[in-house]
Amino acid sequence: MKKFLNLVFMFILFFPIMVNALAKEDMQQISLTELGSVEKLSGYQGFQGLTITDKYIVVSLSKTDNSSAALIVLDKNTFETVKTIESLKYGHANDLAYNKKTNEVLVVDGTTIYVLDGDSFEEKE
């Protein structure tokens with residue numbers, strides 16, 4: 001066993017380490033196309049989280065004092081606002097995720113995870 005450990009140590013110590021870096025001349029400038037825009041809700045700070053479901057793009061916002069949150073639901077194909085839900089109890093809802101198997105949107109507020117239906121956006125029990 002000791003020989004094996006010595007061999008592993010020697011391999012790690014003397015194995016050549018290669019570092020690849022991207023030179024400035026290798027970088028490309030790209031242009032982005034705006035697909036749409038969403039107006040910020042009054043009393044809410046900038047967007048906190050985003051997830052994409054089979055049908056929707058869901059964006060979360062938090063009140064400036066983090067007392068509640070809002071969700072803006074956009075049609076995934078047209079980027080039109082489908083639903084706006086304000087004054088949710090989620091506080092600083094800064095992270096969203098979508099579970100395709102269960103059609104659920106998960107909203108994280110600190111250490112609490114809330115589960116919403118992926119179509120109605122009603123909280124599930």
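Asn103 lies in the loop between β5 and β6, strands here being DSSP runs of E with at least two residues, numbered from the N terminus. The model is predicted: local features need pLDDT of at least 70 and side-chain atom pairs count only at pLDDT 80 or more, while totals for chains, interfaces and linings use all residues. Residues are numbered from 1 along each chain as its sequence is written, and side-chain values use heavy atoms, with hydrogens and water left out.

**Backbone angles**
- Asn103 is not a glycine, yet its phi is positive, at about 55 degrees.
- Ser87, another residue other than glycine, has a positive phi near 60 degrees.
- Most residues other than glycine have a negative phi.
- Ser87 belongs to strand β4 (residues 81–88) and is exposed, with a relative accessible area of 57% (exposed is over 50%, buried under 20%, partly exposed in between; 1.4 Å probe, protein chains only).

**The β5-β6-β7 sheet**
- Three strands form an open sheet in the order β5-β6-β7, with antiparallel pairing (two strands pair if DSSP finds at least two bridges between them).
- β5 (93–99) and β7 (112–117) are the edge strands, each with a single partner, so one side of each has no neighbour in the sheet.
- β5 and β6 (residues 104–109) run antiparallel and are joined by 6 bridges.
- Leu96 stands opposite Val107 in β6.

**Thr53**
- Thr53 is in the loop between β1 (44–52) and β2 (56–63), and is buried, with a relative accessible area of 3%.
- Leaving aside residues up to four places away in sequence, Thr53 touches Val58, Lys76, Tyr98 and Val105 (contact means heavy atoms within 4.5 Å).

Key. Helices (H or I, at least four residues) and strands (E, at least two) are DSSP runs, numbered from the N terminus.
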